[in-house]
Amino acid sequence: MVETLAAYGVRFIFGVPGAKIDAVYDALADGGPQLVVCRHEQNAAFMAAAVGRLTGTPGVALVTSGPGTTNLATGLITATTEQDPMVAICGAVQRADRLKRTHQSMDAVAALKPFTKYTGEVNDPDNVPEAVANAIRIALTAPHGAAAVVLPADVLAATTSAAIVEPTPVPALGPAPAGPIAQAVNLIRAAKRPALFVGIRAGEPAPCAALRAMIAVADLPVVETFQAAGVVSRELEDVFVGRVGLFRNQPGDIVIGHADVLVTIGYDPVEYDPRLWNSDPARTLIHIDEMPADIDNHYQPALELRGDIAATLTELTRQLTGLRLDRGVTVRIAEQRAALLNIDEEARQRPQTGGGVNPAAVVLKIRDLIDDTATVACDVGSHYIYMARHFRVYQPRRLLFSDGQQTLGVALPWAMAAALVRPGTPVVSVSGDGGFLFSAQELETATRLGLSFTHVIMRDNTYNMVAFQEELKYGRTSGVQLGDYDIVHYAAAFGAKGVRVSSLTEFEDAFTRSLAEPGVTIIDVLVDYSRNTELFAELHDGVLE
């Protein structure tokens, strides 16, 4: 088990030990990937998935039987939906007890299958290396996601001479066929208002580089999904017209809506349902991806370029070099870029109210104080909507969202994973006061590991993202009120530093100091969400939890 994981480049194993999996823990004492002992299996899965997203090599969650395995469920479905490659290794009762009503006996494969791309139970020790190797390969095959291997205790205790001699990576695809590429070039060149709609799979290193090469030589506006945030670099800022996924009629939505030929690149419908952005199914869509199009009443491409995204884009670039749009079209795109900037400027004009700091101003201040090497992990809550609306990054996999499952509690574990794989760079996580406590016990893990990052809590002492939706639906709220807690003492109990601030000036001072200091700093800032109901009336129906 350990040798196979190491052979495939796995660097980190996150887990909670137990008797049915302790054979692997014992083997790890002699070497192998770095073991990170966590406080909860769900957080171990979040960290493993974040390592997969950030590095392209799966992280591993190593857990015991029974509740150790079932506690993974939320982490696994989040990884699979968000397309983060990870592998779960789960202990199980010995095979003789598999069908008995006995201690921690359960059908782990049936329990985990709905949440993973693949789950298998090993019934012979000789099958362990191949089962692990195939789980890794499946996790790394598009669409990426979680895979799980269930290991009965007696299999772990048995001997075997089987081994994976050399790791076998997932083979790369070639470009889409030349004929469809030529057709795509003709459609794009004949279009009056072509646009690129870039999704999650374009955020991988090679597709991102190929996309940037294309937009450097062809006059094509780019709209990002949340998961593709950062594919447009600072140097290519002039082609960026926004990010879409929550609000109606944003600049990016307007450009998408007016495009006569829309090219989707690495787009997955889980990112932004086609019914929300494509009211005209007859409009010409060109689908570029490793995956075939998922046909929908509102997503019926005229042309599919299926193959390696980077290779396909490189072929397109060769034939689209020098493409320029009409002057009238470029003027309208410039107007939408100006509207995009105006959204931020309006937020900067209202830094504070009597009820607290403007959450948009907090987001913009974080954005102003970090550089392009920073990694920012965003939890789910009302702050998530402000982050999606206002936060800009210039490298992919630097702004981390859960927009498929919108899972509470991901930000802190994701930040910990980022601090592990990107040491020496700024790492920031942002949550509400509710979501923070979903995973806050891992502060002990973070300080034990000597990690350095800043966590920002936007506090209003409610489950506000639920509250404003209830207000819009029913004219009142129910079941959303929370109590306050003392972040200074809470953080100190785990060896971290807690700071509570009440103004944007205080926040700027605390945040700036936190970036320069080693260790974990938690900054609790009181925010005023009183405008949420008014602002979020612009949201698409059904896009929030």
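**Entry 1**

I began with Q83, which is found in the loop between helix 5 (73–82) and strand 4 (86–92); helices here are DSSP runs of H or I with at least four residues, strands are runs of E with at least two, and both are numbered from the N terminus. This is a predicted model, in which local features need pLDDT of at least 70 and side-chain atom pairs count only at pLDDT 80 or more, while totals for chains, interfaces and linings use all residues. Residues are numbered from 1 along each chain as its sequence is written, and side-chain values use heavy atoms, with hydrogens and water left out.

Q83 has a positive phi of about 65 degrees although it is not a glycine. Is Q83 buried or exposed? I noted a relative accessibility of 9%, so Q83 counts as buried, where buried means under 20% relative accessible area, exposed over 50%, and partly exposed in between, with a 1.4 Å probe and protein chains only.

I then looked up R397, in the loop between helix 16 and strand 16 (399–400). Its phi is near 60 degrees, a positive value in a residue other than glycine, and at 12% relative accessibility R397 counts as buried.

For the backbone I also wrote down the peptide bond from A142 to P143, which is cis, with omega near -10 degrees. P143 lies in the loop between helix 7 (128–139) and strand 6 (146–152).

**Entry 1: buried residues in loops**

P221 is found in the loop between helix 10 (205–217) and strand 8 (222–225), and it is buried, with a relative accessible area of 3%. Which residues does P221 touch, not counting those up to four places away in sequence? I listed P194, A195, L196, V239, V241, V255, L325 and I333, contact meaning heavy atoms within 4.5 Å. The C-alpha atoms of P221 and L196 are separated by 6.1 Å, and these residues are 25 residues apart along the chain.

Next came G230, whose place is in the loop between strand 8 and strand 9 (240–244). G230 counts as buried at 0% relative accessibility, and, leaving aside neighbours within four places in sequence, it is in contact with R212, E224, V393, Y394, Q395 and P396. I also checked G230 against N461, 231 residues apart along the chain, and their C-alpha atoms are separated by 32 Å.

N278 lies in the loop between helix 12 (274–277) and strand 11 (284–289). At 0% relative accessibility N278 counts as buried, and it touches R283, L285 and H298 when residues up to four places away in sequence are not counted.

I compared the span of helix 22 (residues 504–516) with what its 13 residues should give: at 1.5 Å a residue the helix should span 18 Å, and its end C-alpha atoms are 19 Å apart, which agrees. The expected span is 1.5 Å times one less than the number of residues.

Which residues of helix 22 are buried? They are L504, F507, A510, F511 and S514. These residues cover an arc of only 125 degrees around the axis, which puts them on the same side of helix 22, the arc being that of the directions from the helix axis to the C-beta atoms. The face turned away from this buried side carries the exposed residues T505 and A516.

K365 is found in helix 15 (residues 359–369) and is buried, with a relative accessible area of 17%. Leaving aside its neighbours within four places in sequence, K365 is in contact with L504, F507 and E508.

**Entry 2: two helix pairs**

The axes of helix 3 (residues 41–55) and helix 17 (residues 411–421) come within 8 Å and cross at roughly 50 degrees. That makes helix 3 oblique to helix 17. I took axes as lines fitted to C-alpha atoms, for helices over the stretch in contact, with angles from 0 to 180 degrees between N-to-C directions; angles under 35 degrees count as roughly parallel, over 145 as roughly antiparallel, 65 to 115 as roughly perpendicular and the rest as oblique. Among the residues that meet are F46, M47 and A50 in helix 3, and W414, M416 and A417 in helix 17.

The axes of helix 16 (residues 382–390) and helix 20 (residues 464–474) come within 7 Å and cross at roughly 90 degrees. That makes helix 16 roughly perpendicular to helix 20. Here S382, Y384 and I385 in helix 16 meet N464, M465 and F468 in helix 20.
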